There are 2 protein chains.
Amino acid sequence: MGARPGTVAAAVAGMTADVDGSRATLGILAGGSALPRKLVEACRAAGRPVYVLAFEGAADAATVEGVPHGWVRLGAAGEALRLLRENGVRDLVLAGAVERPSLAALRPDWHGAKLLARIGFKALGDDGLLRAVIAELEAEGFRVIGVDSILGDALAPAGPLGALRPDAEAEADIARGVEAAQALGALDIGQAAVVQQGIVLGLEAAEGTDALIARCAGLRRPGRGGVLVKLAKPGQERRADLPTIGPATIAAAAAAGLRGIAVSAGSTVLIDRAAIAEAADRAGLFVVGVPVP
Amino acid sequence: MGARPGTVAAAVAGMTADVDGSRATLGILAGGSALPRKLVEACRAAGRPVYVLAFEGAADAATVEGVPHGWVRLGAAGEALRLLRENGVRDLVLAGAVERPSLAALRPDWHGAKLLARIGFKALGDDGLLRAVIAELEAEGFRVIGVDSILGDALAPAGPLGALRPDAEAEADIARGVEAAQALGALDIGQAAVVQQGIVLGLEAAEGTDALIARCAGLRRPGRGGVLVKLAKPGQERRADLPTIGPATIAAAAAAGLRGIAVSAGSTVLIDRAAIAEAADRAGLFVVGVPVP
């Protein structure tokens, strides 16, 4: 990336070249997790100006620290568009988790209500909803790009990430987990499954991966530990909601007695690859990218 | 059923006619839940002799009270067969949940080890495992029958069970839950899903339906409550592990803020139909049998 440290002021002024050669301000629509901040830091390092639009109740305060930003409610689509335009944003990246609100909690503004009426909020799964949101943003003149076009090495490679690799029993658990997670993904329900000794201990739906892992600690059986399998959905919109793991995922998996983690190669975002590999080695877990159709 | 009260002594002596005209002792392989005791009571009422083989760590003490019975470990296949034969059992019914043990915890006896080697314990999902166990029991000369051949009105009918019925929004949630639960069932992972406002809040895997319901209370969204959908697996072995609900399921669903329960008509066991309808009416929930392919 030719990382060149840039100051916020320089970034805002757009005085240095950005990651992909453009000087345009990158807009980051930020939900929870450490991913949006990673994007901020990559842009800073590359001297690209950035504007963070942080969603209330989802993004961390640390995400926007020292960066031009605004906070909006999820339903405030009109205000969000205004802020993005006022801050010179053309390219947009969606990063971090947002808990899907009920329609009542959403309290859409006028623009948001029109948008919701058009896309049919309730009929869509998460991926379908995000696809619709992306289409709307592009209709408004923004260009939505993927996280991986900013974070060059963010996507999991095929094969083991750290020093350890799955044995035959773990490979069998991974295969069962891939089968289960793909079924969830095909229905746009969730991304993750935990399998131990051939038995699916848990499947992810609305609770999220961390809650899934924590619950499976209590379902753990004697003998060899299980695996977490986390996959992109078949045909997933790659500019939104790619599965994500980070060092915290490793710590949670280790605490739950799991032996390792398998993710879809080429479509799972690693929040800090080096830190993940180090945490996995230290905890004695494998992390492996598996090719999935 | 022509319920004729019979004493245990009379039942054991086989001095009265049984439900389907046979005087043969019915063997009940009993796991957890109230279902095995319901079978005991139905046999008693019909004067059919009964012998309960209760699995340690699974069956309730109340199940065997005042009834000829023996307790065995799940792995003690040889001892189980001996007890069934010594007590004159020919017809067998499998009832109640048994948590699937790890191979280590199973500690199979000699007969059990041979059986496990033959059926390939770990390669099978729950339904596959039960099919194999049934095949083994029949190879040993027993006749395995379904719960519904003892409890005539045990299976859920199509349509509402109590006074309430789902509205259009609940119908949409049921349709989404059917889709999700059928995917789980096709993979032999679980039977149940909870859906609210079109969003799948949770899916059942190893934790069981009660834990699923309890977890979904914490994932509940503002607005109209969700539904529990519980289905037999596609092509499920009907002599084992049919989905089951009882008054306790209604209470748990009500406590979790659900609006109702949908079960597969003709393949879900109702542990006390009248009590379920009454509990549902009292709690303001609907219970509906839905036809599923």
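A polar contact is a pair of N or O atoms within 3.5 Å; within protein, one must be able to donate a hydrogen and the other to accept it, and residues adjacent in sequence count only if both atoms are side-chain atoms.

**Entry 1: the interface.** I noted at the outset that this model is predicted. With the definition above, I looked up the pairs between chain A and chain B and found eight residue pairs in polar contact, both residues at pLDDT 80 or more. I then looked up the buried area: chain A and chain B bury about 2,300 Å² between them, and 61% of that lies on carbon and sulfur atoms.

On the side of chain A that touches chain B, helix H4 (103–106), helix H7 (168–186) and strand S8 (199–203) each supply at least two residues. H7(A) gives the largest share, six residues. By class, I listed 16 nonpolar, three polar and 10 charged residues on this side of chain A. In total, 29 residues of chain A are in contact with 27 residues of chain B.

**Entry 2: symmetry.** I found that a rotation of 180° with 0.1 Å of shift along its axis superposes chain A on chain B, with an RMSD of 0.0 Å. That is the relation of a two-fold axis. I also noted that 90% of the interface residues of chain A are interface residues in chain B too, so the copies meet through the same surface.

**Entry 3: backbone angles.** I looked up Ser33(B), a residue other than glycine with a positive phi, near 90°. Ser33(B) lies in the loop between strand S1 (25–30) and helix H2 (35–46) of chain B.

Notes: Residues are numbered from 1 along each chain as its sequence is written. Chains are lettered from A and ligands numbered from 1 in the order in which they are written. This is a predicted model: local features need pLDDT of at least 70, side-chain atom pairs count only at pLDDT 80 or more; totals for chains, interfaces and linings use all residues. Side-chain values use heavy atoms; hydrogens and water are left out. Copies are superposed by least squares on the C-alpha atoms of residues with pLDDT of at least 70 in both. Contact means heavy atoms within 4.5 Å. Helices (H or I, at least four residues) and strands (E, at least two) are DSSP runs, numbered from the N terminus. Buried area is the accessible area (1.4 Å probe) that two parts lose on being put together, summed over both. Ala, Val, Leu, Ile, Met, Phe, Trp, Tyr, Cys and Pro count as nonpolar, Asp, Glu, Lys and Arg as charged, and the others, Gly among them, as polar.
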